[in-house]
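Subject: Model handover and backbone notes

Hello,

Here is the model for you to look over. Please open it alongside the notes below.

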Amino acid sequence: MSKADVQSGTVAGMSRLGVSSLLTLVVLLGVSLLGFFSRLFAVIRFESIIHEFDPWFNYRATYQMVTTNFYDFLNWFDELAWYPLGRIVGGTVYPGLMITAGGIHYVLNALGFTTHIQDVCVFTAPIFSGLTAIATYFLTKELWNAGAGLFAAAFIAIAPGYISRSVAGSFDNEGIAIFALQCSFFLWIRAMRTGSMFWGIMTAFCYFYMVSAWGGYVYIINLIPLHVFCLLLMGRYESKLYVSYTTFYCVGQLMAMNIPFVGFQPIKTSEHMASAGVFALLQCYGFLDYLRSKLGEKEFKRAFYLFVTICAGAIFAAVVGLTMLGVVAPWSGRFYSLFDTGYARIHIPIISSVSEHQPTMWTSFITDLHFLPAVAPAGLWYTIRHYDSAKIFLVIYAAFSCYFAGIMVRLMLTLTPVVCMLGGIALNVTFDHFFGEDNEDSQKEKAKKDAKKSEDTEEEEATPLAIKLTVVMALTGLLCQFAVHCTYITSNYYSSPSVVLASSRPDGSRNIIDDYREAYYWLRTNTDDDATIMSWWDYGYQISGMANRTTLVDNNTWNNSHIAMVGRAMASNEDDAYEIMQELGVDYVLVIFGGLLGYSGDDINKFLWMVRIAEGEHPNHIKEANYFSAQGQYTVDKSMSKTMKNCLMYKLSYYKFGDVRTHAQMSGFDRVRNVEIGHKNIKLKHLEEAYTTEHWIVRIYRVKKPSNKSRKLSHKLTQRKKKTKVARKGRKGVLSTTIPAAKGANTRQKASFEL
């Protein structure tokens, strides 16, 4: 290579820009593939199966849409859910996930690749994880440079904080929502910098996709207005800002209202009023700025800030007034719980009963992010040090994501992208400082700084080679540890489906525990098609999806009263519970029990939440204090209370368990609670054991039919016409009002897919 080629910036006939672009493309493609393949542990170790609970409904809804059409899906009334109420699915879901998977399935089959919709659903989240890495690269590049973008893309591709919601089989809304989140932010920064209506409309389209996919779209529609408001306070108003936000807000909100589940919420709920207020304030600010340009600086300077303050106060007063009048709906309980950690436990216990809604432990930050929380503050400092209008957005993004991640375990998902970006910036600056080559621009800047120094000031010495080698070895080792940690956490903690459990035998081999699917298969093949199953709401989606049977409650949790009724039945004695089950038309009761195997996620450990939810709706019948022992402890041993001993949940969980020897010296030893149960000779009066799985994890009981002789009739006997002088009595057992049977033949026929 000639000296002229070096000076002109060419390498083997290619420009440095071309070489850099090619290397960037190769690295970015490799990072995307890495993100995809790192999420396949569950498929390799088990099989291609849907994980967890919510994904089963998403899969079932997608199957319904693919086998019919989109309009039938929007009008689909699910008779298998929330018996006897049912559920209008099209108006109660975010359809973006179903449309995405259905679109991929349609394209693949159109190209000649015959695939089942289940396989598409299993691999949707890993595919979008690769796209999320690309979106994070472009966002970080827009805010800093390409080097920081590559670091950020590599981090988010394998970070456990994001993998936990995007492994193969995790067919949930968050799998595609983070991609839409990062894309929306990238397009917003591009629109704000260029002032182009095109980029503003593109931001609105991406926001619309986010609205269709996840309820977390509220984060976008509040964070972007907050960014605009901060820029106005800092005196950084530009016409570009006016054009970009006005275009985004108008087009985005109009498109968002086309989602049936969202409807008119963007203009009628308090969660959206901040964006509307900033929009109105920006219009006033733009009008006043226009007048100032026409009237001159001196004539308008005094009245400018006063008028802006009056407009802001008027907008705030209008929002408060409309809220008090009921025109604008107040903040929801879920929104309050983000700012008051004790609100949900007192007022909405069903939210607090979910483990992922608990406050985040400090160890979770290390588990999900490894060393990134330690280097992210350095990246934040560099961002603040060299701030501009775009970088201010990154600071706001980081501050609010950090706060919400500490409030709720689930919201660790929103912190992971910004921490990866800040970590990428910090490492990029570090590498550039120690190993960056001095180009012409940096040499000019250094010359200017040297010219300002006094003549007697000595020049700074160059960084010794030994220090450079030490830094590169330390950073390389740290990055290798990060990769090993992410792989270990992904493989051992986030790649195990909830419906298929695994344990280790003494010889180190794996033991597959398939009790869930065993129980659901039994329900599917051994119960009537119109049988109604009562269980806690955690298992509703799986029963509908795999067993294809009607459930009382499920994971949608839209009707707290119905869930409280199920909780009351579980917490009541058998006689009272039987009356409730007869009112609800229950045929079978399903409970999860882990005392034999040591499975801690059973219903006994969740039972107190059932009691609390039931007490909130039925305080005269259920009291939480009655389920504690005399010492104030929640236990199942001999010291338990009489109410706990006689409740339906205790009986169904420990029925015949007292005869099983799970300990060397005693029978009926609960391996989860580590105690010997206090009541072993359990007798059932109104229920009978129908099926118990191999490891006793799932127990199913059949509800006995009422006996005409022993059942007290609370209705008037049916009167018949007199044919003779002797009056005939009405037939025994004839009810004036009968419980309607579930008519779900069409739904069941459409939902009869293979497991």
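This is a predicted model: local features need pLDDT of at least 70, side-chain atom pairs count only at pLDDT 80 or more; totals for chains, interfaces and linings use all residues.

Residues are numbered from 1 along each chain as its sequence is written, and side-chain values use heavy atoms, with hydrogens and water left out.

Strands β5 (residues 501-504) and β6 (residues 510-513) run antiparallel, joined by four bridges. Helices (H or I, at least four residues) and strands (E, at least two) are DSSP runs, numbered from the N terminus. Two strands pair if DSSP finds at least two bridges between them. A502 sits opposite I512 in β6. Five residues separate β5 and β6 in the hairpin. In its turn, G508 has a positive phi of about 95 degrees.

Cis peptide. The bond between Y83 and P84 is cis, with omega about 0 degrees. P84 belongs to the loop between β3 (77-78) and β4 (87-88).

H370 has a positive phi of about 55 degrees, although it is not a glycine. Its loop runs between α20 (362-369) and α21 (372-385).

K656 is not a glycine either, and has a positive phi of about 65 degrees. K656 lies between α32 (648-654) and β10 (669-670), in the loop. At 41% relative accessibility K656 is partly exposed, that is, between the buried limit of 20% and the exposed limit of over 50%.

Best wishes

Note on methods
Buried means under 20% relative accessible area, exposed over 50%, partly exposed in between (1.4 Å probe, protein chains only).
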